[in-house]
Amino acid sequence: MALDGIVLSNITAELSEKLVGGRISKIAQPEADELLLTIKSQSGQYRLLLSASASLPLIYLTNTNKPSPMTAPNFCMLLRKHIANGRILRIWQPSLERIIHFEIEHYNEMGDLCRKDLIIELMGKHSNLIFCDDSGMIIDSIKHVGAMTSSVREVLPGRPYFIAVTQEKLDPLDTSQEEFCSTVFSRPMSLAKAIYTTYTGISPVVAEELCHRAGAESAQSANAIDELTQLHLFHTFELLMEDVKEKRYSPSIIYENSDEKAPVEFSSLPLSLYEDYPGQYTVRRFGSPSEMLEQYYAMKNTVTRIRQKSSDLRRITTTALDRCRKKYNLQVKQLGDTDKRDKYRIYGELIHAYGYDVPPKAKSFEALNYYTNELITVPLDPALSAQENAQKYFDRYNKLKRTYEALSELVQETKAEIEHLESICTFMDMALSEEDLVQVKEELTDAGYIRRRYSGKKVKITSRPYHYISSDGYDIYVGKNNYQNDELTFRFASGGDWWFHAKGAPGSHVIVKANGTMPPDSTFEDAARLAAWYSQNRGAQKVEIDYVEKKHVKKPNGAKPGFVVYYTNYSMMIDSDISQIKSC
């Protein structure tokens with residue numbers, strides 16, 4: 001979700017508590033649309049990140065420093081000139097707008113005490129950092145917006161600053177029951193949408209939360225809600241706004257399927273629509289909104305960066321996969337056409353057996369099929385003799401037989417190639433670092449999908465299998481790709497260790513080091529959950545897992561990386577919740 005007015009209200013409260021009265025000791029502009037302020041206050045030194053990025057506008061306190069360019073940009077130099085060593089008097093947010101003002105006191109060149117206003121607007125592609133004087137005139141901004149760009153408001157030096165009103169939204173902190181009911185419930189749209197389009201600072205997820213708390217159907221049309229539900233929804237809305245007014249915040253991140261590497265949402269208020277489903281979502285609380293935002297976007301950035309890094313590999317893999325699937329469908333169709341080969345062989349044999357009774361230039365004749373004891377009609381070419389007709393059918397049979405034998409092998413090869421490429425796609429989805437992609441790329445190169453470039457340098461492999469400890473203290477290892485699967489199963493594991501894999505789906509090989517003992521059932525369940533999570537069936541309610549002692553797992557000659565066979569195994573149905581399994 002994007003930063004909404006409630007999260008910014010939480011941020012404003014934190015910044016007011018820690019930064020008001022502090023002095024700005026350093027001003028840096030590490031990116032074209034980003035500022036990093038170092039502020040010294042009585043409670044300590046803080047770094048404040050302010051980003052007006054169109055794709056990721058942010059504001060939070062951080063401990064991380066960023067390198068700045070050798071030559072400071074003009075906007076940074078202007079701020080240093082005016083507010084370097086300035087004191088922050090007040091930090092405030094107008095209503096629940098996605099805007100925060102920093103009122104700063106400083107001395108000018110003449111030694112006179114002046115006030116300036118640094119404003120950050122966090123509004124998606126319209127985000128900006130604007131610097132104004134005490135009369136509200138714009139001195140400069142990190143992004144200039146002229147009349148050619150916006151007909152609503154110009155953001156240029158010398159222009160007056162004002163909040164652009166593009167939507168007639170109401171203040172959620174100052175509303176009445178009459179106003180709430182007359183506006184929200186008069187709109188011909190879903191209830192959740194009617195709420196967040198009526199009030200400023202309310203995001204879609206908060207609107208969904210309101211409906212969930214009130215027991216109302218969010219997808220129901222707002223103008224079809226009965227009076228009792230309307231009243232209950234207003235009181236729920238009022239209680240939520242009371243939490244905001246009283247600053248009763250609870251910064252938290254919601255994780256899907258209990259995986260702390262897959263954040264779904266963040267919020268400064270409890271989200272019962274997720275918390276009511278502990279088996280599906282996990283909630284992690286934070287001591288401050290800055291810590292929450294930094295953690296959330298660090299994870300999101302990691303996933304985004306890996307997606308970008310793997311885009312070329314993904315394109316190569318999906319292209320090859322599409323080609324293989326088309327080839328497989330064509331081969332299966334051609335294989336189906338060979339089903340009539342035995343019919344031609346029988347026609348030839350029957351002509352040999354009964355052909356002496358067939359008159360010349362006959363178009364067909366009836367004969368007893370001695371395989372089924374049924375009478376069948378054998379078509380004939382009247383221009384050919386019986387012997388020639390028989391030879392014609394035998395030729396057709398032999399041709400289709402050769403086609404069947406060749407295609408049967410080709411279909412198996414193409415199917416194996418599809419399964420191999422699907423497994424590579426699965427492992428790319430699992431990758432959490434650039435190192436995890438190195439072996440995937442190497443596998444694609446070895447398979448001939450990527451041309452190898454000989455640079456004289458050996459590919460450095462730093463990625464290692466995942467390592468977990470079961471609730472009973474047993475070591476569990478999980479392969480991140482097909483090469484690691486082979487390494488774990490056939491080089492690392494011993495015969496008495498236990499091997500796990502999702503049934504009929506691409507995924508990781510999971511090894512439980514038994515150390516000469518029989519692991520308890522809880523360890524088997526932990527390993528099965530890991531096999532379910534690290535597979536194509538990740539996130540499913542129930543996943544079937546095959547498990548067997550490693551000594552029963554074999555690799556056929558010439559098989560693709562990661563492909564194995566086993567004939568005696570156990571199976572279990574398990575969920576994919578790995579939150580309680582300790583990771584090393």
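Two strands pair if DSSP finds at least two bridges between them. Helices (H or I, at least four residues) and strands (E, at least two) are DSSP runs, numbered from the N terminus. The model is predicted: local features need pLDDT of at least 70, side-chain atom pairs count only at pLDDT 80 or more, and totals for chains, interfaces and linings use all residues. Residues are numbered from 1 along each chain as its sequence is written, and side-chain values use heavy atoms, with hydrogens and water left out.

**Figure 1**
Trp-499 of S17 stands opposite Ile-511 in S18. S17 (residues 498-502) has 5 of its 5 residues buried, so the strand is largely enclosed by the rest of the structure. Buried means under 20% relative accessible area, exposed over 50%, and partly exposed in between (1.4 Å probe, protein chains only). Trp-498, Phe-500 and Ala-502 point one way from S17, while Trp-499 and His-501 point the other way. The pairing of S17 with S18 (residues 510-512) is antiparallel and has 3 bridges. S17 is also joined to S19 (residues 543-549) by 5 bridges, again antiparallel, with Trp-498 opposite Glu-549.

**Figure 1. The open sheet that contains S17.**
Seven strands form an open sheet in the order S20-S19-S17-S18-S16-S15-S21, with antiparallel pairing. S20 (570-574) and S21 (582-583) stand at the edges, each with a single partner strand, so one side of each is left without a neighbour in the sheet. S16 (residues 475-478) pairs with S18 in the antiparallel sense over 3 bridges, and Ile-476 stands opposite Val-512 in S18.

**Figure 2. Helix H5 and the elements around it.**
In H5 (residues 204-214) the buried residues are Val-205, Val-206, Ala-207, Glu-209, Leu-210, Cys-211 and Ala-214. Contact means heavy atoms within 4.5 Å.

**Figure 3. The crossing of helices H12 and H13.**
The axes of H12 (residues 434-446) and H13 (residues 482-492) come within 8 Å and cross at roughly 95°. H12 is therefore roughly perpendicular to H13. Gln-439, Glu-442, Glu-443 and Asp-446 of H12 make the contact with Asn-482, Tyr-483 and Gln-484 of H13. By class, the residues of this contact are 1 nonpolar, 3 polar and 3 charged. Axes are lines fitted to C-alpha atoms, for helices over the stretch in contact, and angles run from 0 to 180 degrees between N-to-C directions. Angles under 35 degrees count as roughly parallel, over 145 as roughly antiparallel, 65 to 115 as roughly perpendicular and the rest as oblique. Ala, Val, Leu, Ile, Met, Phe, Trp, Tyr, Cys and Pro count as nonpolar, Asp, Glu, Lys and Arg as charged, and the others, Gly among them, as polar.

Asn-85 is not a glycine, yet has a positive phi of about 70°. The residue lies in the loop between H2 (74-83) and S5 (87-92) and, at 51% relative accessibility, counts as exposed. Lys-361, also not a glycine, has a positive phi of about 60°. Lys-361 is found in the loop between H10 (341-354) and S13 (364-369), and counts as exposed at 69% relative accessibility.
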